[in-house]
Amino acid sequence: MTSLFIVFFSLCLFLNAFAENAPIHINEPDTIRKLQLTEQQKQWLEEHPVIRFSGDPDWLPFEAFNQQGEYIGIVAEHLSLIESTLGIEFKKIQTVSWTESIEWVKNDTVDVLSETVDSELYSDLIFTKPYLSNPIIIVMRNSQNYIESLHDIKDKKIAVIKDYGYVSLLKNTYPKIDFIEVNDLAEGLLGVSSEKLDAMLCTMALCSYSIAKMGLNQVKIVGKTTITTQLGFGVQKELSPLVDILNQAIDLIDQESQQLILNKWIKQKYVEKIDYTLIW
């Protein structure tokens, strides 16, 4: 099992190095053949060549704005494929925080928002189909063994990120757990590292990326919850024709292109589950 893991991890590193310089694209002839837009949809796109877009300004590896003001990350590369497929431009509007992004949506300053499809913004937005799924995992200190279920640590101090879409689902799924809300992932991970908190919950991609970026050697992923968050796009209701158009473009993102994106942005660190019955 260990040898297989080493081979798999080495392959991921190789693909990651390759993907950083590799162009990510959809096969154009195949795209033209499969995109089935009606005349009304084509006309709608011609009348809306620029779509105002925003997301979380600091949520790598999913999305962020760098120091040059460029929109980067997993979502950004998916959005680039959709732009090339539909021939429209998403004008990326940079906000100072996720809270501000939500406010701009509610004030109609933004047309499309990058968000999880389990968001509580259903009263404001219509959501596309998801294009990416990521499990909510458990991060604890290195001394902790594998966690089979979140119920096993229900009496511990467990942190979640305030205002994130999946938090309400976690609270509904685990009503007996009194979650602690932190302002951002860094606060939560540092809390676990310093033992002020016992555990931190977030998406696997975000936690893996942040642990490596922050150089936190005292924490690791020890298990996962039953919750899987799914990324999609929330569209203002007055722009409802765009939803089906985006869904068609999402369907054309092939697995190879998506895997290149994920390999480029995600370095995952796993803890191996031990089957103690075999040892016995």
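## A starting residue and the model

At 46% relative accessibility, tyrosine 122 counts as partly exposed, a class between buried (under 20% relative accessible area) and exposed (over 50%), with a 1.4 Å probe and protein chains only. The structure is a predicted model, in which local features need pLDDT of at least 70 and side-chain atom pairs count only at pLDDT 80 or more, whereas totals for chains, interfaces and linings use all residues. Residues are numbered from 1 along each chain as its sequence is written, and side-chain values use heavy atoms, with hydrogens and water left out.

The protein chain has 11 helices and 12 strands, which are DSSP runs numbered from the N terminus (helices H or I, at least four residues; strands E, at least two). Of its 280 residues, 49% are buried.

## Aromatic pairs

In the whole structure, 9 aromatic pairs are found, meaning rings of Phe, Tyr and Trp (its six-membered ring) with centres within 6.5 Å, called stacked when the planes are under 30 degrees apart, edge-to-face when over 60, and tilted otherwise. Phenylalanine 53 and phenylalanine 90 form an edge-to-face pair, 6.0 Å centre to centre and with 80° between the planes. Because phenylalanine 53 lies in strand S1 (residues 50-54) and phenylalanine 90 in strand S5 (residues 89-92), this pair ties together parts that are 37 residues apart in sequence. Phenylalanine 53 is buried at 1% relative accessibility, and phenylalanine 90 is buried too, at 2%.

Tyrosine 122 makes a tilted pair with phenylalanine 127, at 4.9 Å centre to centre and 50° between the planes; phenylalanine 127 is buried, with a relative accessible area of 10%. One aromatic cluster is formed by Phe53, Phe65, Tyr71, Phe90, Tyr131 and Phe233.

## Glutamate 63

Glutamate 63 belongs to strand S3 (residues 63-65). Although buried, glutamate 63 has no salt bridge, and the nearest side chain of opposite charge, lysine 92, is 11 Å away; a salt bridge would need a side-chain nitrogen of Lys or Arg within 4 Å of a carboxyl oxygen of Asp or Glu. Instead, the side chain of glutamate 63 reaches the backbone nitrogen of aspartate 56 at 2.9 Å.

## Helix H7

Helix H7 covers residues 185-193, and its buried residues are Leu185, Gly188, Leu189, Gly191, Val192 and Ser193. Among the elements that these buried residues pack against are strand S8 (132-141), helix H8 (204-214) and strand S12 (219-236). At the N-terminal end, H7 is capped by aspartate 184, a side-chain oxygen of which lies 3.3 Å from the backbone nitrogen of alanine 186. After H7 comes glutamate 195, with a positive phi near 70°.

Key:
Lys and Arg count as positive and Asp and Glu as negative; His and the chain ends are not counted. A polar contact is a pair of N or O atoms within 3.5 Å; within protein, one must be able to donate a hydrogen and the other to accept it, and residues adjacent in sequence count only if both atoms are side-chain atoms. Contact means heavy atoms within 4.5 Å.
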